[in-house]
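Hi everyone, thanks for coming. Please bring up the sequence and the model on your screens, and we'll walk through some salt bridges and a helix pair together.

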Amino acid sequence: MHECPFAGACGYLKRPPEALVVNGFRLWVAGYQTGDIEHWSEAWNLFSEKFGHGPARHSVTQLAHWVRSVFLWRTDPIQCFSSGCPHICRDECLAVAMIAACQHRDGSCLDYCLERFCGFADHREPLEAALGFASALESHGQRLMSVPCEVVRGLIEPPESEPQIARTYH
């Protein structure tokens, strides 16, 4: 995990569905990376405050399964900002775009995200886990905005003339 070097607000994360996905993802990844279950407790609190204890159980279970499946298929560490940061980084962009693609049945964007996130698009476990988490969110009225694949591609693959530095996506 790294700290966001920029100040200001990212309007995208002011939307509750996107904030839930990104912060839930950040917290669950932080739990894996640090071994500190407090991050998972914080994720549980985030979802249970939004949905209530009983209904949150299914969503958090699906979140855990999705992050675990991505973690198992990654060949390099997942990069995330700290929970609550108003910006998103590359991996977080792919994560939220993956869940949005599931909800909007955008197969080309979903394949792109899986390929960039897990190495190739044909991973059944991360795909099924993403679909399960997206469905759990949608069952609680949390529908993410559609993210066209061209937008994701433009964010993830900057022009070669642009310096390759740590980027935030607003």
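Let's start with Asp 91 and Arg 74, whose side chains meet in a salt bridge at 3.2 Å, N to O. By salt bridge I mean a side-chain nitrogen of Lys or Arg within 4 Å of a carboxyl oxygen of Asp or Glu. Asp 91 lies in helix H4 and Arg 74 in the loop between helix H3 (53-73) and H4, so this pair ties together parts that are 17 residues apart in sequence. Helices here are DSSP runs of H or I with at least four residues, numbered from the N terminus.

A quick word on the background: this is a predicted model, where local features need pLDDT of at least 70 and side-chain atom pairs count only at pLDDT 80 or more, while totals for chains, interfaces and linings use all residues. Residues are numbered from 1 along each chain as its sequence is written, and side-chain values use heavy atoms, with hydrogens and water left out.

Are these two partners buried or exposed? Asp 91 counts as buried at 4% relative accessibility, and Arg 74 counts as buried at 11%. Buried means under 20% relative accessible area, exposed means over 50%, and partly exposed is in between (1.4 Å probe, protein chains only).

Asp 91 has another partner: its side chain also meets that of Arg 90 in a salt bridge, at 3.1 Å, N to O. Arg 90 is partly exposed, with a relative accessible area of 30%. Salt bridges with shared partners join Arg 74, Asp 76, Arg 90 and Asp 91 into one network.

How many salt bridges does the structure hold? There are 10. One of them pairs Arg 26 with Glu 92, with the closest N and O atoms 2.7 Å apart. Arg 26 sits in helix H1 (residues 16-34) and Glu 92 in H4, so the pair ties together parts that are 66 residues apart in sequence. Both Arg 26 and Glu 92 are buried.

Now to H4 and its neighbour. The axes of H4 (residues 90-103) and H5 (residues 107-118) come within 8 Å and cross at roughly 145 degrees. Those axes are lines fitted to C-alpha atoms over the stretch in contact, with angles running from 0 to 180 degrees between N-to-C directions. The contact (heavy atoms within 4.5 Å) includes Arg 90, Asp 91 and Leu 94 of H4, and Cys 109, Arg 116 and Phe 117 of H5.

Thanks, and I'm happy to take questions!

How values were computed: Helices (H or I, at least four residues) and strands (E, at least two) are DSSP runs, numbered from the N terminus.
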